[in-house]
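Okay, my turn, and I'll keep this short. Have a look at the model on the screen while I talk.

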Amino acid sequence: MIYYGNTDIGKRRLINQDSFRAMSIWGGEAILLVVCDGMGGHKAGEVASKKAVDAFCESIFARPCTDEDAVNEETIKAYIKYVMVSSGDIANSTVYNLSCSNEEYRGMGTTMVAALIFRNRMYIMNIGDSRLYRITVEGTEQITKDHSFVQDLIDTGKLTPEEARDNPRKNIITRAIGVTEKPSVDFFYGSLDAKGHGYLLLCTDGLSNYTDDKTLFDMIYTPEDPSKPETEDDLTVKVDKLIAYANDCGGNDNITAIIAEF
């Protein structure tokens, strides 16, 4: 698997409060991809997202899935879910305790979306409105579900997805890392073999606010050609194109994206 990520301040913000990490872990047996979008006063969001990414990744890195844990697919799933959720708890405590102990950081928090790829399976955790998409020949599929005010309105039938795109309160999130003592995260699991060749996209709302499924498919999906396999440079071009697109559309927020080809 190849992967590449980048972040951009956008056109309207004074600082970049997004953070991300994309790395090989567990002796090269797994890939970890994480995107966070911080919130808070001056520099507090930047601190929240960076602290959350660091704490989460350090916790995951220190607890590899061993042969003892990998008896079968179900035990692997249970173990990785435990590791990811408990690592989310550690990230939450790190941000929450700093927020409570330092007036400058009071009330800060961050979204988080993370994907751990192990033995052709994807294990995904999210809280907030940063997203993960899977893009294959069949199209674009949003795997995560936003924890946001407008998503709640969609779920209760008070808004359509189309109406939600332009709702002035679309950036109000209902869950985040660091704002309560115990976070409530979502966990998803799936096979990367099921739909053949494709891509995972992790991104903040600085990108997703400007895109739809078709736009993402057109900008990311390239049919697999065994004679010309994609390289990290190809993914670099795609990520930079997404960031440029968001900036061309207004760049009202920080923009972060990671693309992984599977």
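So, aspartate 69 sits in the loop between helix 1 (44–61) and helix 2 (73–101); helices here are DSSP runs of H or I with at least four residues, strands are runs of E with at least two, and both are numbered from the N terminus. Before I go on: this is a predicted model, where local features need pLDDT of at least 70, side-chain atom pairs count only at pLDDT 80 or more, and totals for chains, interfaces and linings use all residues. Numbering starts from 1 along each chain as its sequence is written, and side-chain values use heavy atoms, with hydrogens and water left out.

What aspartate 69 does have is a side-chain polar contact with the side chain of threonine 66, at 2.9 Å. That term means a pair of N or O atoms within 3.5 Å, where within protein one must be able to donate a hydrogen and the other to accept it, and residues adjacent in sequence count only if both atoms are side-chain atoms. Leaving aside residues up to four places away in sequence, aspartate 69 touches Pro64, Thr75, Ile76 and Tyr79, with contact meaning heavy atoms within 4.5 Å.

Back to arginine 119. It takes a positive phi near 50° in the hairpin of strand 5 and strand 6, which has 2 residues between the strands. Strand 5 (residues 112–118) and strand 6 run antiparallel, joined by 7 bridges; strands pair if DSSP finds at least two bridges between them. Within that pairing, valine 113 has asparagine 126 as its bridge partner.

Now strand 6 itself, residues 121–127: 7 of its 7 residues are buried. One side carries Arg121, Tyr123, Met125 and Ile127, the other Met122, Ile124 and Asn126, and both faces are covered. Strand 6 also runs antiparallel to strand 9 (residues 186–191), with 6 bridges, and arginine 121 is partnered there by serine 191.

Definitions and conventions. Buried means under 20% relative accessible area, exposed over 50%, partly exposed in between (1.4 Å probe, protein chains only).
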